[in-house]
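Dear colleague,

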Amino acid sequence: MGITERILYSLAQRLSPTEVAQTSDMKASIRSPEAYVHYRASLAKQHLLEAAGRYGVSVRGRRVLDFGCFDGAMTATHLEEGAAHVFGVDIDASAVARARSRYTDPRLTFETGTVSTIPLPDSTVDVVLSYDVFEHVSQVPDILGELRRVLTPGGTVLIGTWGWWHPFAPHLFSAMPVPWAHMVFSERTMLAACQRVSLSDWYQPNMHDFDGQGKRRTDQYTHTAISTDYLNKYLIGDFERDFRASGLRHKTHLVPFRSRYARWTRPLLAVPLAREFVAGYVWFVLTKPLETPE
């Protein structure tokens with residue numbers, strides 16, 4: 001183990017028992033698939049739908065697309081808010097199959113998409129909701145074109161995501177609770193440290209650390225870099241650039257870190273470069289322009 005890997009491993013060991021990267025709710029949810037389903041549903045109500053209300057995006061009586069629906073836990077909650085019909089789309093065919101099996105309400109439709117296409121006809125939906133998904137979209141311009149296509153004129157998209165300079169952007173919460181590790185250490189070093197952490201006796205494993213037979217996995221974090229097919233590594237400014245090019249009008253809403261220790265960072269949200277580091281989360285509201293009659 002090299003000196004930089006040793007330093008990072010030591011930091012991860014010290015921070016692992018804390019709630020720096022994971023809340024107690026999240027830690028509990030990833031102990032089992034069933035608990036995770038309930039946790040995802042609660043996120044829809046606590047964060048996604050709360051943000052929808054805050055930014056004037058109503059689903060009541062609307063046809064809604066849950067873009068990046070995974071196993072449908074969030075998708076079903078939109079019916080409770082009065083959506084007329086909800087389409088769930090995800091590129092994970094097995095997750096879509098689980099969603100179809102679990103949620104059988106006729107007002108729910110689940111489809112498998114691709115990295116660049118959405119399997120819905122033109123002008124199918126009035127509202128698109130996407131939570132913790134867009135940082136994984138590898139073909140952002142193509143998907144934005146698809147969202148514009150499936151939206152009705154005047155339709156709205158609400159995207160919740162974060163940029164690559166967020167302290168925990170690499171999505172390695174369990175094994176690497178060290179903020180901005182990817183900004184200080186190489187990805188090779190970070191992933192090597194994650195592998196050592198995940199195999200350590202003191203590490204508390206979660207459901208992702210076991211294979212289908214319930215055995216502890218040893219094949220995680222074996223790559224030397226994080227693929228842009230998994231995380232696109234977009235900054236907030238990169239998203240905004242592609243939004244402008246898409247022809248969809250957009251507004252950016254930055255959310256500060258909730259920790260009282262981070263209150264000093266809030267004025268920095270107004271600084272273009274600094275906001276990339278100090279935005280705890282970001283909501284984008286996109287609107288398809290009303291088409292001018294010919």
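Phenylalanine 185 sits in the loop that runs between helix H7 (181–184) and helix H8, and please bear in mind from here on that this is a predicted model. Is phenylalanine 185 buried or exposed? Its relative accessible area is 15%, which is under the 20% that sets the limit, so phenylalanine 185 is buried. Leaving aside residues up to four places away in sequence, phenylalanine 185 touches Thr4, Ile7 and Leu8.

Next come the helix pairs. Two packed helices are described by the angle between their axes and by the distance between the axes. Helix H1 (residues 3–15) packs with helix H8 (residues 187–198) at an angle of about 50 degrees, and their axes are 9 Å apart. That angle makes H1 oblique to H8, and the crossing of the two is right-handed. On the H1 side the residues that meet H8 are Thr4, Glu5, Leu8, Tyr9 and Ala12, while H8 contributes Thr189, Met190, Ala192, Ala193, Arg196 and Val197. Sorted by class, the residues of this contact of H1 with H8 are seven nonpolar, two polar and two charged.

Helix H3 (residues 33–54) and helix H4 form another pair, with an angle of about 50 degrees and axes 8 Å apart. H3 and H4 are therefore oblique to each other, and their crossing is right-handed. From H3 the contact takes in Val37, Arg40, Ala41, Leu43, Ala44, Lys45, Leu48 and Leu49, and from H4 it takes in Ala73, Met74, Thr77, His78 and Glu80. Which classes do these residues fall into? The contact of H3 with H4 has eight nonpolar, two polar and three charged residues.

Histidine 78, one of the residues in that contact, lies in helix H4 (residues 73–80). With a relative accessible area of 0%, histidine 78 is buried. Apart from residues up to four places away in sequence, histidine 78 touches Leu48, Leu49, Val59, Val64, Asp66, Ala83, Val86 and Leu129.

The remaining pair to describe is helix H6 (residues 140–150) with helix H9 (residues 236–246), which pack at an angle of about 45 degrees with their axes 10 Å apart. H6 and H9 are therefore oblique to each other, and H6 passes H9 in a right-handed crossing. The residues that make the contact are Val140, Pro141, Leu144 and Arg148 of H6, together with Asp242, Phe243 and Ser246 of H9. By class, the contact of H6 with H9 holds four nonpolar, one polar and two charged residues.

Aspartate 142 also lies in H6, and with a relative accessible area of 40% aspartate 142 is partly exposed. Aspartate 142 and proline 289 are 147 residues apart in sequence, and from C-alpha to C-alpha they are 18 Å apart in space.

Two residues deserve a look for their backbone angles. Most residues other than glycine have a negative phi. Phenylalanine 70, however, has a phi near 55 degrees, which is a positive value in a residue other than glycine. Phenylalanine 70 is found in the loop between strand S1 (63–67) and H4, and at 27% relative accessibility it counts as partly exposed. Histidine 171 likewise has a positive phi, near 60 degrees, and is also not a glycine. Histidine 171 is found in the loop between strand S5 (151–161) and H7, where, with a relative accessible area of 16%, histidine 171 is buried.

Finally, a word on the cysteines. How many disulfides does a search of the whole structure find? The search finds zero disulfides. A disulfide is a covalent bond between the sulfur atoms of two cysteines. Cysteine 69 is buried, with a relative accessible area of 4%, and cysteine 194 is buried as well, with a relative accessible area of 0%.

Methods: Residues are numbered from 1 along each chain as its sequence is written. This is a predicted model: local features need pLDDT of at least 70, side-chain atom pairs count only at pLDDT 80 or more; totals for chains, interfaces and linings use all residues. Side-chain values use heavy atoms; hydrogens and water are left out. A disulfide is a pair of cysteine sulfur atoms within 2.5 Å. Buried means under 20% relative accessible area, exposed over 50%, partly exposed in between (1.4 Å probe, protein chains only). Axes are lines fitted to C-alpha atoms, for helices over the stretch in contact, and angles run from 0 to 180 degrees between N-to-C directions. Helices (H or I, at least four residues) and strands (E, at least two) are DSSP runs, numbered from the N terminus. Angles under 35 degrees count as roughly parallel, over 145 as roughly antiparallel, 65 to 115 as roughly perpendicular and the rest as oblique. A crossing is left-handed if the near helix is turned anticlockwise from the far one by less than a right angle, and right-handed if clockwise. Contact means heavy atoms within 4.5 Å. Ala, Val, Leu, Ile, Met, Phe, Trp, Tyr, Cys and Pro count as nonpolar, Asp, Glu, Lys and Arg as charged, and the others, Gly among them, as polar.
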